[in-house]
Amino acid sequence: MLNKKRNIIIFSSLGIALIFLFLLNISLGSVKIPFKDVVLSLTGGEASKSTWHYIILQYRLPKAITALLVGMGLSVSGLLMQTLFRNPLAGPDVLGLSSGASLGVAFVILGAGLVPGILAGFFISPYGIVLASTTGSFLVLLAVLVVAQRLRDTMAVLIIGLMFASFTGAIVNVLTFFSSAEQLQKYTFWVLGSLGNLPWEHIIILALTCCIGLAMAAICIKPLDALLLGERYAKSMGINFSRTRLTIILATSLLTGTVTAFTGPIAFIGLVVPHIAKLVFKTSSHLVLYGGTLLSGAIILLLCDTFTQIPGTEFVLPINAVTSIVGAPIVIWLLMRKRKAIYS
């Protein structure tokens with residue numbers, strides 16, 4: 001009963017923090033917009049200046065919504081991977097999906113000169129990049145699923161995913177060696193990640209796929225609790241482990257592949273946020289952790305995106321740089337904390 005009240009208080013606090021950071025994220029930028037005008041624009045009213053109204057609805061609101069969806073999708077993917085592999089350092093890119101997406105984008109950006117002019121023009125457009133990224137993730141997913149059906153050992157699937165990532169990374173390195181400076185610059189900008197410049201039709205697609213992936217993850221909540229005690233225990237509880245593993249892999253692939261396609265590979269969110277949720281809620285129940293990870297992921301990525309915007313200037317830092325600066329020290333602290341717990 002005490003834990004239930006504590007969880008309600010924490011969830012309420014996270015909900016309030018999420019709303020505040022959402023409004024703050026929209027308010028800050030090269031042009032500072034008062035909270036009052038932000039709320040007016042979002043509730044159907046008009047801001048004090050027409051330019052503010054346009055900036056809010058056409059640029060900052062789509063970016064804030066993208067941050068919410070990406071934070072939730074990557075964080076839940078990380079929670080699924082860490083429980084499935086029972087490895088605290090597993091992340092949503094552990095199956096090589098982000099690397100597959102990067103390979104697809106590398107082919108269309110760095111290898112654009114190998115295809116006819118009309119096709120090259122389409123492939124280097126935003127739609128072509130999204131299509132290439134999704135295709136790359138999907139092909140790696142198919143390869144991983146084929147291997148997963150043949151291997152019963154979950155850790156072997158993890159190693160296969162890492163090998164796929166290494167293989168695709170090697171191909172990208174070969175492509176970069178033969179590319180021009182302009183091609184390398186465009187590919188580098190994509191790798192750095194960006195939550196902005198997504199049109200509403202892209203955000204709708206991202207939202208639909210994220211909802212499907214999160215729904216698939218929610219179905220696995222009960223089996224995930226059993227998986228904490230190992231595959232044998234889960235099977236003894238009547239859980240179909242093969243089907244659960246397949247559902248988890250599909251959910252992670254859908255979430256990670258789609259997010260990477262639209263925003264580029266974003267580091268550390270999927271790895272770090274599940275640990276933060278576990279520390280905050282102090283529970284192993286995935287019913288609680290699922291909701292806590294959703295909210296925490298959205299909050300942290302909104303916070304990171306807010307830090308990318310240098311007030312009073314037009315400069316915006318790459319989102320990957322900020323998430324790495326925030327995430328790397330947390331991972332180091334978690335490793336040291338775990339080591340201390342073992343030897344104390």
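Contact, on this tour, means heavy atoms within 4.5 Å. The model in your viewer is a predicted one.

**Stop 1: S296.** Select helix α14, residues 286–308, and pick out S296 within that helix. Is S296 buried or exposed? Its relative accessibility is 6%, so S296 counts as buried, the cut-off for buried being under 20%. Now show what surrounds the residue: setting aside neighbours within four places in sequence, S296 is in contact with L14, V273 and A277.

**Stop 2: the largest nonpolar core.** Next, select V70, M81, L84, F85, L95, I248 and L302. Of the 75 residues in the largest nonpolar core, these touch the most other members. Then colour helix α3, residues 50–84, which provides the largest share of this core, 13 residues.

Stay with I248 for a moment. Not counting residues up to four places away in sequence, I248 touches L80, M81 and L84, along with C220, L224 and L227.

Another core, of twelve residues, lies apart from the largest one; to find it, select V105, A106, L175 and W190, which are among its members.

**Stop 3: the largest pocket.** Switch to a surface view and look for the largest pocket, with a volume of about 710 Å³. Which residues lie nearest its centre? They are F189, G193, S194, G196 and N197, out of 31 lining residues. Helices to highlight here are α3, α6 (126–150), α8 (181–192), α12 (241–263) and α14, the elements that each give two or more residues to the lining. Colour the lining by residue type to finish: 19 are nonpolar, nine polar and three charged.

Terms used:
Residues are numbered from 1 along each chain as its sequence is written. This is a predicted model: local features need pLDDT of at least 70, side-chain atom pairs count only at pLDDT 80 or more; totals for chains, interfaces and linings use all residues. Side-chain values use heavy atoms; hydrogens and water are left out. Helices (H or I, at least four residues) and strands (E, at least two) are DSSP runs, numbered from the N terminus. Buried means under 20% relative accessible area, exposed over 50%, partly exposed in between (1.4 Å probe, protein chains only). A nonpolar core is a set of buried Ala, Val, Leu, Ile, Met, Phe, Trp, Tyr and Cys residues joined through side-chain atoms within 4.5 Å. On a 1 Å grid over the protein atoms alone, a cavity is a set of points where a 1.4 Å probe fits but cannot get out, and a pocket is an open set with protein on both sides within 12 Å along at least five of seven lines; lining residues have an atom within 4 Å of a point. Grid points are joined across faces, edges and corners, and a volume is the space filled by probe spheres set on the points. Ala, Val, Leu, Ile, Met, Phe, Trp, Tyr, Cys and Pro count as nonpolar, Asp, Glu, Lys and Arg as charged, and the others, Gly among them, as polar.
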